[in-house]
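Okay, thanks for coming, everyone.

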Amino acid sequence: MLTPTKKTITLPDGRQITLETGKLAKQADGAVELRMNNTMILATVTSAQEAEEGADFMPLQVEYKEKYSAFGRYPGGFTKREGRASDNEVLTARLVDRVLRPLFPSNYHANTIVHIILFSTDGVDCPDALAGLAASTAIAVSDVPFEEPIAEVRVARIDGEFVINPTFEQIEKADIELMVGATYDNIMMVEGEMNEVSEDELIAALKAAHEAIKPMCLLQKELAKELGVVKREYCHETNDEELHERMKKECYPKCYEIAKAGCADKHWRNDSFKKIFDDFLETIPEDDREALTPMLARYYHDIERDAVRRCILDEHIRLDGRRTDEIRPIWCEVDYLPYPHGSAVFTRGETQALATVTLGTKDDEKLVDDVIKRYDERFLLHYNFPGFATGEAKAPRGVSRREIGHGNLAHRALKRMFPDDFPYTCRIVSDILESNGSSSMATVCAGTLALLDAGVKLKKPVAGIAMGLITDEGNVKHAVLSDILGDEDHLGDMDFKVTGTVDGITATQMDIKCDGLPYEILEQALQQAKQARLHILNIINETIPAPREDYKPHVPRIVKMTVDKEFIGAIIGKGGEVIQKMQEETGTTISIDEIDGLGYIEIASANKDGIDAAVERIKAIIAVPEEGAIYTGTVRSILEFGAFVEFMPGRDGLLHISEISWDRLPDMEASGLHEGDEVTVKLIEIDKKTGKFRLSMRALQDKPEGYEKPRRPQGNNGGGNRGPRRDGNVTAPRRGNDHGPRRGNNDRRRRDDRDED
């Protein structure tokens, strides 16, 4: 019989989160079902009993998956099933991974998989904000070693108030939106965007999020205690303390000297550190060398780390010789490539990004078809990190999770400064050509330069900087580092990326690896980041003070029009015939959207004459016919009683045989009209009931001199009184086909009477 265990926590707004274990996925090492309203997530953890031979790291993999059935939808594509992870799923998995990874014991190396699956959602609450809590709880109820439970929440500021785990609708109104991951004592991860807020406002948001996380961490501890969880014993490392001490004694001074040398050449430092390790290996007996190398590599990593950190803390000397708040030399160049719509190179020290901008039409929008959200994205940013950027001989293997994450951060940094009424679809591509410290922040700077070069009227330029931190035990000493190197990121305690304008922060990403980081140090890092950001913005402004006044000659121009929705069909035509012909003949790209009862039209072309021609054609289609107006049209069909003439695009009118000429025509053959003929006509009547149009050629001709209106033929007319007799009496109307004219002829007479002046 099932004996599930359940715990509930209440958010500040009254919504409840329920965590339950013991019912689903019981063969996993740990499994938890999380529910909030109509959202249900299942998180599981499985970890191998033994580490793979030679493993000296934590082989953790976090997978987040949203089932289309969770929202009552079918997946797209031919197979109609979930495929590879979407960008949204990758980004959510990365958020969870970044909080969990530092909290596994450093000597635990068993292959560990965390699965987080969204099984139900109503599109109101955001499931990604709950994924971290579900994953941590699954680990908490398992025997997998873990130092402290964590939780993640989203915090948003709406109308000046902080809201924990806001709904999708609420997020649209937020000027601060952050995902925060933390233990009970320490913030571990931050990522989000904001609308040019101050450093103090960001700190306030972090504090609000941390207060909401604390009870979630306590709840997990209570659940684990109630279940009597005992963590497994393991031995994934062999150690030789005597050899460790010997290595430290011989290698630490040498490592310290290299750290103190202050050489800006990354490859020289790497080769020098490697030589120290290789030289020590030579002192190990050859028979033991291969077996001891993994253990010695682990020892040497810690020795090198300690030497670099102590050099910074004690002597304030960084690896490349800079002061703690000094930015590496920067050079920029715009219009670097001749034909992209915008391009720029941004180089900071040994980090270099080449960014290009392409401006397109509405047809170039990206359709985002996630489980919960389906929308068109008009501002895209793609980040590429090839192996040669770090001197590695590594073949490309598709877009990595890291590339998706770094590109997303740069996208969030820039998008709030993107003009609201920009008519183009815009794609930035950042190719990293060199990397030694924060290529994502170089992407933000290069992206800003390329947008300005393309003529995009940004609200304000954006720059980004990566901050680092070195602390000792108890935070007795600390050093906040501006513009960190790759090694300073790897060996340090914090990677804190901050982007913004001269007036405030637009995005941030932070990973903290140390315990008990005081808010005072965080505030210092933010203030130091602000000064660095302003320094870089000054360089950007010197490179290109303002956006180009006009787009480059080969950029497609876009003209927008708005029409009533009733005209959309006429503009498109049957099967798209009208719009396709218009695009072909004018050399333009035309797209139409119907929104709130209006048709929104975009006409794009690099040829201004083509745009003008398309605009005139559309204006002709949407023009309202006026009685008495004169039009030039085309004969579309010939019938026995007249012709139908297309006098305006998509509008046909009847040109009756009696309106072709002042002469009485016996038949249409005598009119001389043929299909395809161009004729000039006058619109003489719009039937208010049917909306039909009557046209006339005769009305544009001079009335012949002495013209007399033809008399009505004498005889029975099938109705009404007959004409007066010679004696003055009026005869009664006759009926019947044997005495009066046929009905058809009578109708013809009435038509003739009506059509004559």
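Let's begin with two helices, H9 and H11, which are roughly parallel to each other because angles under 35 degrees count that way. H9 covers residues 439-453 and H11 covers 519-543, and they pack at about 25° with axes 11 Å apart. Those axes are lines fitted to C-alpha atoms over the stretch in contact, and angles run from 0 to 180 degrees between N-to-C directions. From H9, Cys 445, Thr 448, Leu 449 and Leu 452 make the contact, and from H11, Ile 536, Ile 540 and Thr 543, where contact means heavy atoms within 4.5 Å. That splits into 5 nonpolar, 2 polar and no charged residues, with Leu, Ile and Cys counted as nonpolar.

A quick caveat: this is a predicted model, so local features need pLDDT of at least 70 and side-chain atom pairs 80 or more, while totals for chains, interfaces and linings use all residues. Numbering starts from 1 along each chain as its sequence is written, and side-chain values use heavy atoms, without hydrogens or water.

Helices here are DSSP runs (H or I, at least four residues), and strands are E runs of at least two, numbered from the N terminus.

Now the strands. E23 (589-595) and E24 (598-605) pair antiparallel over 7 bridges; pairing takes at least two DSSP bridges. Thr 589 sits opposite Ala 604. The two form a hairpin with 2 residues between them, and Asp 596 in that turn has a positive phi of about 55°.

Last, the barrel: 5 strands close up in the order E25-E26-E27-E29-E28, with mixed pairing. Strand to strand, the twist averages 50°.

Key
Parallel < 35°, antiparallel > 145°, perpendicular 65-115°, else oblique.
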